[in-house]
Structures are given as structure tokens and as C-alpha cells.
Amino acid sequence: MSRLSVEGGFRLEGTVRAAGAKNAILPIMAACLMLEGDTVLQNIPYLNDVSIMLRMLNALGVRAEYRKNEEIHVVNTRKIRHIAPYDLVTSMRASFFVAGPILARAGFAKVPLPGGCLIGARPVDIHLKGFEALGATISMEHGFVQIEAKALKGSEFRLDFPSVGATENLMMAACLAEGTSIIHNVAREPEIDDLGQFLQAGGAKISGLGTSTLTIVGVESLTGINPYPVIADRIEVGTLLIAGAITNGDVTVKGAIAAHIKPLLTLLAQAGAEVETGADYIRVKGNGRLKAVDFETEPFPGFPTDMQAQMMALLTVSEGKSVVKECIFENRFMHVRELMRMGAKITLEDQMAVVEGVENLSGAEVKITDLRAGASLILAGLVAQGRTTVYGLKHLTRGYYDLPGKLRSLGAKIIE
Ligand code: EPZ
């Protein structure tokens, strides 16, 4: 199994640049199915999930390729196919984002039910209820969801929960529906805002981005955009900033947007770190041993669930007791068992983890279970005494492009 080793005890300092946001890129790539003509996306790190979505687009009939200087070029002229390949959808949940675009373009989409993953069952009921509200009929056959609508009709409806993926899928479908859609209780993550601006650049008529209600007036067609730079990855930014805080270092991330991770910055300051923000950078300086802080994960603008594991790594060596509540996914504490192998003191009760900070963690052999848990274990390794060997890097490369390399550029001792 692929692994890396971290020698703990080195302060991280210096400046790194944030990569483009995985969770903006994936739905924007899916939206390229709806845009006729050429589209060029910029600021795209070559992540494993990006390469899976590239294969998906080509399998559906558009020509999409990754070019040097972090660009993706898409040529979408012919009719698109309407069956999403089983192996691709089941290897990456975000592939389900193609359902809305295929339905909007071809009137019929056949997409395998995306598997759950270790962090939870992750059903798609909210997506499907929304497609029905737009006039589609849903049927299940041999593990595939069949979504059919001769013509999608705009309507007013409400999401049971502000699901990020459902908001994105339904916003895309509504763009080419007949008439106006008003969708209430939508998610407001910055990645949704980026997707909305991308669609608007292609001619979509969307208002309410950043609020809990989207109003979308359907149009006949959308046209390609050249170029479209995607936003910085706020989760990678947060991960790098915590690397600075946990090693009592001084890290600046360029290209970062402070408004996208405000709850994290507030917590880091509350814990005693020094936080400085500018138009396109965020700087965090450690301040000796930080203090315990409590938090719970919530939909944006609350604390992001994708930063929960990384923040917990910091709390394992902060002074005092912290209470962490995971309110988005039912099983997103797999990193706890591995952190405890490094000497962390954590007790779990349902969706709550109580972290009692220790003076030192000790290096150990640990295994990555999911993407953000992997980042958490590397952060803990930066400050643990001795060597930490982290196994299962395939999870990490799904969502971080060369995180070890970025940390090394800040002074971390990481061998791959
Ligand atoms: C997106 O996943 C992100 N992935 C996740 O990031 C992120 O953790 C999540 O949003 C929450 O912010 C991408 O954008 C590619 P949800 P998504 O639908 O859309 C339940 C990472 O590490 N739900 O907002 O799948 C669901 O089970 C990944 O980068 C339903 O019950 O998340 C979960 O408990 C991990 N029915 C909650 O809602 C549905 O139809 C939030 O899910 C849809 C969701």
C-alpha cells in the first residue's frame, strides 16, 4: 500500500499558493455537458477525481482533455450519450452530478446509484425528489436510476436538507427547463456560487446565488466559456493553515479567500493563533500551545465538515478539553481511532467527540480511511515525536494535489 513518512517536530514557515477547488471543479466539469461549443477551465490541479470526471465526460460524448498549465479544454458539439458508466459513478460519488446536465440536454439520464462511502450512506433522495418536481419520472432498474423528462418544467419546491450536490444537480437541470424554477432551502457553499457564476457566464439566468433561495429562468441553450478560472480550494487552504498552527509556525497561503473559511479562522484565533487576512492571502502564526475550542459542523456559512478531521488533529495537542460535533455525516470520525494510536485522548459518543489535549503525540503507523482523515493524520505527524508512517495515500490524492510537496516547501520532513 502507498505510504509516506513524516518526521515530527519541525516548525512550518513560508508561503504556498492554493490550488483550484476540487468541489467547484467537479460540478463545473459536469456542467460542461450542457454548454455547446468550446470551454476552457483554468486553475485545475490534476487530482484523481478530476481524471475520473474527465473519463466520464469523454464516455458521454464530449471531448475533454487536461492540458499543461492546469487547464481543461472541452469541446462539446455532438449529442451527448445518456448512460453514465457504472465503474466511473461507483468510483466517485461526484459523478452523480452528471445526472442533471444529461437530463437537461438529452431528456433521459441513466445513472448508477452512487455507492455510499465510509463517511456515510450518502443517498440521493433529495436529488431525485427535485428532478420529479421539475417534471421528470424516476425509475430504478438493475442498480441504475432512470430519470426521464420529455421537457423539464420549471417549478417551485423546497429541499428537505441544504444538500450541496442536490443543489448543484438541480440548479443545472433548471437552467434548461421550460419556465421559471424557485428552489428553497438550497445549500450556499462557495463552490455552488462558483458553479452558478460559471453557468451565468454560459448564458444561464440564475438569481439568488449565496442565499437559501435560487430563482432560475430556463433558457434554450448555453454556450461554452473561454476561459473560466475556478476558485481556490478553501479546504486545502484550511489544511495548510492548520499545518502552520499545529507546528507553532508561520504559514501564508496565497490565492485564499478568507470569507470562504471564516468559521475556521475565528476558531484558530479563539484557540490563540495569530490570524492575518488580506485581499488574496491568509496568514496563520502559531503561538505556543493553543487552547481547546468547541465546534460543530454545519452547512455553509457554518464550520465545514470537510475541515473537521484536520481541526481535530490540532485539538489533540491543544490545552484543555474540546467538544467536536459532526452534524453533516453519520460516520465521519474514522480518523479518531488512528489519532488515538498516536496517543491522542478522544472519547466518542454518537456524533460527538470529546478531545482532551495531550502535551505530545507519538509517531506511529496509521492508515487513511477517507480523504480528510488522511490530511488529519499527516497534520498530527508534523507535531508527533518521532516518525509517523501514513498508509493509503490513494485517498489523499483524490482531493489534494501534492500536499506532501507543499508541506515540504514549508519545511516539513516528509519522505514518500
Ligand atoms: C459535497 O458532498 C462535497 N463533495 C463533500 O466533500 C462535502 O463534505 C459535502 O458536500 C458537505 O459539504 C463534493 O462537492 C464533490 P451533501 P455531497 O449532499 O453533495 C445527506 C470532500 O471531502 N443527503 O451536502 O454528497 C448526506 O447523506 C467531500 O471533499 C441526503 O440524505 O454532500 C449527508 O449526510 C466529502 N440525501 C448530508 O445530506 C441526498 O439526496 C450532506 O450531503 C443528499 C444528501
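## The whole chain

Count up the secondary structure of this chain and you get 14 helices and 24 strands. Keep in mind that what you're looking at is a predicted model.

How big is it overall? The C-alpha trace spans about 65 × 45 × 40 Å along its principal axes.

Now zoom in on two strands, β4 (residues 63-67) and β5 (residues 71-76). They run antiparallel and are joined by five bridges.

## Two helices side by side: α5 and α6

Packed helices are described by the angle between their axes and the distance between those axes. For helix α5 (residues 125-133) and helix α6 (residues 164-175), the angle is about 25° and the axes are 8 Å apart. Angles under 35 degrees count as roughly parallel, so α5 is roughly parallel to α6. The crossing of α5 past α6 is right-handed.

Which residues make the contact? From α5 there are Ile126, His127, Gly130 and Phe131, and from α6 come Gly165, Ala166, Asn169, Leu170 and Ala173. Sorted by type, the residues of this contact split into five nonpolar and four polar, with no charged ones.

Conventions. Residues are numbered from 1 along each chain as its sequence is written. This is a predicted model: local features need pLDDT of at least 70, side-chain atom pairs count only at pLDDT 80 or more; totals for chains, interfaces and linings use all residues. Side-chain values use heavy atoms; hydrogens and water are left out. Two strands pair if DSSP finds at least two bridges between them. Helices (H or I, at least four residues) and strands (E, at least two) are DSSP runs, numbered from the N terminus. Axes are lines fitted to C-alpha atoms, for helices over the stretch in contact, and angles run from 0 to 180 degrees between N-to-C directions. Angles under 35 degrees count as roughly parallel, over 145 as roughly antiparallel, 65 to 115 as roughly perpendicular and the rest as oblique. A crossing is left-handed if the near helix is turned anticlockwise from the far one by less than a right angle, and right-handed if clockwise. Contact means heavy atoms within 4.5 Å. Ala, Val, Leu, Ile, Met, Phe, Trp, Tyr, Cys and Pro count as nonpolar, Asp, Glu, Lys and Arg as charged, and the others, Gly among them, as polar.
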